[in-house]
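Student: I would like to go through this structure and check each label against its cut-off. Can we take the terms one at a time?

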Amino acid sequence: MDMDILPLDFIGWFYAVACAAAILGGVGILIFLENRGQLTTRYQNYSIWNDVMLMVIWAIGLGGAIGVLYRNPWGQWMLQLFCWMLIALAVTSGATRLFTLKRIAKGNLSPGDWTHSVIGVVMVVAPIVVFCLGTIVSLRTDEALAAFGIH
């Protein structure tokens, strides 16, 4: 089966922009919450380590993207690591949202509403998983390995 691969420059720039935007967005949200005096309220029921770890994961993606742009072998490895982590985060986040919905609804959710909720989660999670898997496959091709100097 012949499969088109994503160009390395596209992969590098896409993840660099997406990860930088996620980091800046996260910092912006934290600054906004702090300015409104709501940051301490947020961390009463939510650990700061969750936000710190998310920032670290996005930083790994940004670092990997920059490594891919400069064709450093560690960038190829780091971006694959980021993609695997993003897949795990997307799937577990979607599953958690559905579990929480079921628990909150306490049986008051109609089958149609439940189906719409599942479809909504799948429509968000599936493209993330497919794109990340496409990135991983593209980074493992012979052409990509040669570009990174990996034999």
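**Labels and cut-offs**

Tutor: Arg42 and Asp51 form a salt bridge, with their closest N and O atoms 2.9 Å apart. The model is predicted: local features need pLDDT of at least 70 and side-chain atom pairs count only at pLDDT 80 or more, while totals for chains, interfaces and linings use all residues. Residues are numbered from 1 along each chain as its sequence is written, and side-chain values use heavy atoms, with hydrogens and water left out.

Student: Why is the pair Arg42 and Asp51 called a salt bridge?

Tutor: The term requires a side-chain nitrogen of Lys or Arg within 4 Å of a carboxyl oxygen of Asp or Glu. Arg42 and Asp51 are at 2.9 Å, so the pair qualifies.

Student: How many salt bridges does this rule give?

Tutor: The count is two. Asp9 and Arg71 also meet in a salt bridge, at 3.1 Å from N to O. Asp9 lies in helix H1 and Arg71 in the loop between H3 and H4, so the pair ties together parts that are 62 residues apart in sequence. Helices here are DSSP runs (H or I, at least four residues), numbered from the N terminus.

Student: What makes Asp51 buried or exposed?

Tutor: Buried means under 20% relative accessible area, exposed over 50%, and partly exposed in between (1.4 Å probe, protein chains only). Asp51 has 11%, so it counts as buried.

Student: How do you know whether Thr40 and Thr135 are buried or exposed?

Tutor: Thr40, in helix H2 (residues 39-42), has 58% relative accessibility and so counts as exposed. Thr135, in helix H5, has 0% and is therefore buried. Thr135 touches Leu6, Ile11, Tyr15, Leu79 and Cys83, not counting residues up to four places away in sequence; contact means heavy atoms within 4.5 Å.

Student: What makes a set of residues a nonpolar core?

Tutor: The members must be buried Ala, Val, Leu, Ile, Met, Phe, Trp, Tyr or Cys residues joined through side-chain atoms within 4.5 Å. The largest such core has 24 residues, and Leu8, Ile11 and Tyr15 are among those with the most contacts inside it. H4 (73-105) is one of the helices that each supply at least two residues, and H4 gives the most, with seven.

Student: How does the span of H1 compare with the expected one?

Tutor: The expected span is 1.5 Å times one less than the number of residues. H1 has 28 residues and reaches 40 Å from its first C-alpha to its last, close to the expected 40 Å.
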